[in-house]
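Me: I am new to this structure. Please show it to me, and then I will ask about it.

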Amino acid sequence: MQAMSDSELIAAIHAVPKFADPNVLPQIKIDGANGQHAALMRLNHPVRLQIEGSLGDYAYAYNAEADIRQTGNVGHGVGEGMRSGAVRIRGNAGVGAGAA
């Protein structure tokens, strides 16, 4: 995650082809989370992400379709404004998780 900008990372995720079966999601593992704020916002693609490490405020905000599983802590506003999908955090989260 540290080797790419957030827009490059989102573009790479969006380039992963969708599976024909909507119940099966492509799986992507992302390492290198290191406190980045506003990480992976506005992701709108049916994938399952496994994130290793901690992120800052507003991670995964305004997402749709993605199933996100993170091992590490997140800051305030994680998953704010999500339209669909899921966020599972194995760690601590700040205030306002999943608000709006």
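Me: Among contacts in the chain between residues at least 6 apart in sequence, what percentage join residues at least 24 apart?
Reply: This is a predicted model, in which local features need pLDDT of at least 70, side-chain atom pairs count only at pLDDT 80 or more, and totals for chains, interfaces and linings use all residues. Residues are numbered from 1 along each chain as its sequence is written, and side-chain values use heavy atoms, with hydrogens and water left out. Contact means heavy atoms within 4.5 Å. Among contacts between residues at least 6 apart in sequence, the share joining residues at least 24 apart is 17%.

Me: Which pattern does the chain follow, read along the sequence?
Reply: Helices (H or I, at least four residues) and strands (E, at least two) are DSSP runs, numbered from the N terminus. The chain has 1 helix and 4 strands. Along the sequence the pattern is α-β-β-β-β.

Me: Why do the buried residues of α1 line one face of the helix?
Reply: Buried means under 20% relative accessible area (1.4 Å probe, protein chains only). In α1, residues 6–14, the buried ones are Leu-9, Ile-10 and Ile-13. They line one face because, seen down the axis, the directions from the helix axis to their C-beta atoms fall within an arc of 95°.

Me: What covers the buried residues of α1?
Reply: The cover includes two strands, β1 (27–34) and β2 (48–54). Across the chain, 37% of the 100 residues count as buried. For α1, then, the cover includes β1 and β2.

How values were computed:
Buried < 20%, exposed > 50% of the residue type's maximum accessible area, 1.4 Å probe, protein only.
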